[in-house]
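Welcome! Please take a moment to look over the sequence and the structure below, and then we can walk through them together.

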Amino acid sequence: MNYLLGAFKPACNVLITFNDGKNRKQVPFKKENGQTVTVPLFQSQENIVGKVTIEPMQGKKIDHNGVKVELLGQIEMYFDRGNFYDFTSLVRELDVPGEIYERKTYPFEFSTVEMPYETYNGVNVRLRYVLKVTINRGYAGSIIEYQDFVVRNYSPPPTINNSIKMEVGIEDCLHIEFEYNKSKYHLKDVIIGKIYFLLVRIKIKNMDLEIRRRESTGSGTNTHVETETLAKFELMDGAPVRGESIPIRLFLSPYELTPTHRNINNKFSVKYFLNLVLVDEEDRRYFKQQEITMYRLQESS
């Protein structure tokens, strides 16, 4: 029985390390099994340099048909789990067919790598970057090891950032104007605005401002849309009167936001909305929704 158990032990340990791993910023990353680990953070056009170390188990040798490392950018739809769509695929051959008797280390380098999309882990889709090492052993079964890393891409402040002005109205009953100071926000920004009550003939009980994220995956009849309410901010409790105005000041930093993603590789989109909700004394709800653009601003070191 012990012999059978031994037959299924891995033939070697494979370790993937980054040359600047100790100095590079580490960020949390949730793995498929739900476990959260810390992994290195990169941005597009950076060099990804490291080493692959293969160490056979004591008394064993590895017969192989070649060793390679791949840098992959992948999109996985959760309704099509297990099928990855590669939008980035780079390969470095590390070794020709042969045998490994003892610990062996292979350096690798991927220079100025184009990584156009950010790492994203959503409700129905994830986008990830990974280093994949394959020891090809033919009929013996290949040995594969993965190392994830996170990509974040930064944007300068937009040169044009118009304010948003909108009206909410129910004929002869309610007329509200509201404005937000801009239409594009970075992830640590503050939403500043004001709501004006021009006509109030219904008894409003309370009013909230919500931040909603809408994730769309697939296309055509296979489109899946998930909407999450990420934040709910009470603007008013009680009935307003005509001529009253209410200020808005909502800090975004406490919430887990991502940049807006528009039609990423024809697979998915992520959009954000400010949703104004009014509730009257008969618990009828009135909505007004406005899309905003989110972007990631370079953090000061």
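Confidence is highest in strand β9 (residues 104-110), at 96, and lowest in helix α1 (residues 2-7), at a mean of 44. Over residues 1-6, the pLDDT is below 50, and this stretch has one contact in the model beyond near neighbours in sequence. Where pLDDT is low, the predicted coordinates should not be read in detail.

Now let your eye take in the overall form. Along the principal axes, the C-alpha atoms fill a box of roughly 85 × 45 × 35 Å. The chain has a radius of gyration of 26 Å, whereas a compact globule of 301 residues would have one near 19 Å. Of the 301 residues, 41% are buried. The chain exposes about 17,000 Å², with carbon and sulfur atoms supplying 46% of that area. Among contacts with a separation of 6 or more, 68% are between residues 24 or more positions apart.

Strand β2 (residues 26-30) and strand β3 (residues 36-42) run antiparallel and are joined by five bridges. One of the residues to look for is phenylalanine 29, whose bridge partner in β3 is valine 37. The two strands form a hairpin with five residues between them, and glycine 34 in the turn has a positive phi of about 90 degrees. β3 also pairs with strand β12 (residues 143-151): here the strands run parallel, and two bridges join them. In this pairing, leucine 41 stands opposite valine 150 in β12.

Is histidine 64 buried or exposed? Its relative accessible area is 4%, and buried means under 20%, so histidine 64 counts as buried. What does histidine 64 touch, leaving aside residues up to four places away in sequence? Its neighbours are Asp95, Val96, Pro97, Gly98, Glu99 and Ile100, together with Ile135, Asn136 and Arg137. The side chain of histidine 64 also reaches the backbone nitrogen of glycine 66, at 2.9 Å.

Notes
Residues are numbered from 1 along each chain as its sequence is written. This is a predicted model: local features need pLDDT of at least 70, side-chain atom pairs count only at pLDDT 80 or more; totals for chains, interfaces and linings use all residues. Side-chain values use heavy atoms; hydrogens and water are left out. Two strands pair if DSSP finds at least two bridges between them. Helices (H or I, at least four residues) and strands (E, at least two) are DSSP runs, numbered from the N terminus. pLDDT is the predictor's confidence in each residue, from 0 to 100. Contact means heavy atoms within 4.5 Å. The radius of gyration is taken over C-alpha atoms; the globule rule is 2.2 Å times the number of residues to the power 0.38. Buried means under 20% relative accessible area, exposed over 50%, partly exposed in between (1.4 Å probe, protein chains only). Accessible areas come from the Shrake-Rupley method with a 1.4 Å probe; for residues, only the protein chains shown count as cover. A polar contact is a pair of N or O atoms within 3.5 Å; within protein, one must be able to donate a hydrogen and the other to accept it, and residues adjacent in sequence count only if both atoms are side-chain atoms.
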